[in-house]
Amino acid sequence: MTTSGGIGTDRALVDLYKDIHRHPELGFREHRTAALVADRLRGAGFDVTTGVGGTGVVGVLKNGAGPTALLRADMDALPVREDTGLDYASTVTVTDEDGRTVPVSHACGHDLHTTCLVGAAQTLAADSSGWLGTLLLVFQPAEELGAGAQAMVDDSLFDRFPMPDVVLGQHVAPLPAGKIAGHPGPAYAGSDSLRVRIVGRGAHGSMPEASVDPVVLAAATVLRLQTVVSREIPSTATAVLTVGSSHAGDAANVIPGHAEIQLNVRSYDPAVRRRILDSVERIVRGEAATAGAPEEPTITEIERFPVVINDPAALHRTLEAFASWLGPDNILDPGAGAGSEDVGIFATGSGAPLSYWLLGGADPAQFTTGDMTDPALLTVPSNHSPRYAPVIDPTLPIGVGALVTAARTWLPATR
């Protein structure tokens, strides 16, 4: 299979993608995936280091004097039960720290990211006449935890390996396959996930007067939290507050002793972020005090992602190359999105500009206009959905081609 840019991918790469898809691994547990990646990089002639930041893999290939380009892919999966119906769908389950059985799948496309970067590595190594400099390939763990990029930087990534002159990467998205989208400046929101533990007083279901009911308290807290963005944040600011989990009790006739909610905040502006987090704390503690809770609630940070900021000049340079390759009609500006990523940590940690784009991965037949106004964007299964599954052709060859094109743009054979 080939793309209009002449970048092909063979059956071995498709098989690798399906293999990784069938065997997803959660953050910091990507041992099998890392071994597959390391084996293929060594076979392509890269100097390979494993175990960086836990389960990260770094490949280095030097090809004469020139700049260094960091190309990044994330490897981890999600605790989501796959419902795609594919013949290579994941049936993997793992046991979590509480002894529960948790389904795992690549519901965000990191298997595609990993395979694309392996394919790009093989393509660039096989034809080094078109570029000069150093390829620094980073296969990152635990993006979904917001911890993998920082773990690699903390593991002396930029002391042990060449310092990059640019950071390049992509994320598959529910856009038509064949399209690439990028937004300059702040492109992806910062994210804070919190766990709130509310302490009440348990009692028999027939004696609510003897309790401080944490179920009612949690419900009141959730409702009040919905007013933070709608009533405390300016309408011109971008912000989202979502309560994604609420749990209390195990029986219909028992008022439990505590409840737990988990929530997520998305924002771009540091002042807006601070105001939301302060409001969350005020509401959580205020509702507990109003209910007469016997203990203060606890608020614990689960994960945090910084705002992803694309360097405008760097992104423009990369997207121009894509436009020459795929045609300008296939390059979109998606605007600033509320999704979150930790790829920017590689840029801030090295001081290099970031050029990060979205790779269309949905069947083009599902779309009408094929741009950011297409109503199908609201109905096509999106990342983190149990039904999310990029179409292999042409997504995989175009993803390989995008990374190869970007690398050759930043590591040109002539100055």
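This is a predicted model: local features need pLDDT of at least 70, side-chain atom pairs count only at pLDDT 80 or more; totals for chains, interfaces and linings use all residues.
Arg29 sits in the loop that runs between helix α1 and helix α2, the latter covering residues 31-43.

The relative accessible area of Arg29 is 36%. Because buried means under 20% and exposed means over 50%, Arg29 counts as partly exposed. Beyond its neighbours within four places in sequence, Arg29 is in contact with Thr55, Val94 and Thr95.

Helix α1 spans residues 11-22 and packs with helix α11, which spans residues 392-410. The angle between the two helices is about 105°, and their axes are 11 Å apart. Since angles of 65 to 115 degrees count as roughly perpendicular, α1 is roughly perpendicular to α11. On the α1 side, the contact is made by Leu13, Val14, Tyr17 and Lys18. On the α11 side, Ile392, Leu396 and Val400 take part. Sorted by class, the contact of α1 with α11 has 6 nonpolar residues, 1 charged residue and no polar ones.

The last stop is an annotated stretch of the chain. An unreviewed UniProt entry places the feature "domain: Peptidase M20 dimerisation" at residues 190-288. Over residues 190-288 the model has 37% helix and 34% strand. The end C-alpha atoms of this stretch are 28 Å apart.

Terms used:
Residues are numbered from 1 along each chain as its sequence is written. Side-chain values use heavy atoms; hydrogens and water are left out. UniProt positions are given in the numbering used here, feature names are shortened, and annotations may be inferred rather than shown by experiment. Helices (H or I, at least four residues) and strands (E, at least two) are DSSP runs, numbered from the N terminus. Axes are lines fitted to C-alpha atoms, for helices over the stretch in contact, and angles run from 0 to 180 degrees between N-to-C directions. Angles under 35 degrees count as roughly parallel, over 145 as roughly antiparallel, 65 to 115 as roughly perpendicular and the rest as oblique. Contact means heavy atoms within 4.5 Å. Ala, Val, Leu, Ile, Met, Phe, Trp, Tyr, Cys and Pro count as nonpolar, Asp, Glu, Lys and Arg as charged, and the others, Gly among them, as polar. Buried means under 20% relative accessible area, exposed over 50%, partly exposed in between (1.4 Å probe, protein chains only).
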